[in-house]
Amino acid sequence: MFGIDGFEPWMGVDGKYQASHPRVMVLGDTRLDAPLTDRECILRKIGGAPDLIFTNFEQAVLGLRQWEDGFRRQVRAFWERTAFYNYNAAHAAAPAGAPLTARRRADPLHARLLRDMLRHATPTHVIVWGEANWQALAVADAEWEADRPIRCGEIDEPCRSIAVDGHRSCFTRVSHPSA
């Protein structure tokens, strides 16, 4: 997709993402399950494959614990209507276990892919997974606008937005469960 070998984002199931409101896109940090594509990773998730990092994220997003009734059903419903890809796509070609450096995070490919994904998916909301990801985040040919923080209990989470081709998307971040 977008001329990048192996770049295959998850775009939901059977048009549920396109029909959802709000339209949520999740930006992961980097793919740990190489050589699986982002799409293949989520297909494994909705098929019931265990993954502690995703499970922690899903519990936070859904407000349910993994042992509660209906958790698996809610996880599947969430991913069926949510877009997902790992922002640091250039790192997928790095050798297994290679550190994700600041220089690699700043690769202009990432900003271009995010711009193209915002054009393609037109999300209303984007959840950025990880503080380092949030700090490095860029969108080619567009400028950020600061928004009021989002109140989560006692914590204010940062929020900013960006317009691409006249469509505005609101971004916030969550801490990476492995951090």
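Mentor: Ground rules: residues are numbered from 1 along each chain as its sequence is written, and side-chain values use heavy atoms, with hydrogens and water left out. As the model is predicted, local features need pLDDT of at least 70 and side-chain atom pairs 80 or more, while totals for chains, interfaces and linings use all residues.

Trainee: What makes the contact between them?

Mentor: Contact means heavy atoms within 4.5 Å. Among the residues involved are Phe54 and Phe57 of H3, plus Phe78 and Trp79 of H4.

Trainee: How do you know that Trp79 is buried?

Mentor: Buried means under 20% relative accessible area (1.4 Å probe, protein chains only). Trp79 has 0%, so Trp79 is buried. Phe84, at 1%, is buried too.

Trainee: Why is the pair of Trp79 and Phe84 called edge-to-face?

Mentor: Rings of Phe, Tyr and Trp (its six-membered ring) pair if their centres lie within 6.5 Å, and planes over 60 degrees apart count as edge-to-face. For Trp79 and Phe84 the centres are 5.7 Å apart and the planes at 85 degrees, so the pair is edge-to-face. Phe78 and Trp79 are edge-to-face as well, at 4.9 Å and 75 degrees.

Trainee: Which residues form the aromatic cluster?

Mentor: Phe54, Phe57, Phe78, Trp79, Phe84 and Trp129.

Note on methods. Helices (H or I, at least four residues) and strands (E, at least two) are DSSP runs, numbered from the N terminus. Rings of Phe, Tyr and Trp (its six-membered ring) pair if their centres lie within 6.5 Å; planes under 30 degrees apart count as stacked, over 60 as edge-to-face and the rest as tilted. Buried means under 20% relative accessible area, exposed over 50%, partly exposed in between (1.4 Å probe, protein chains only).
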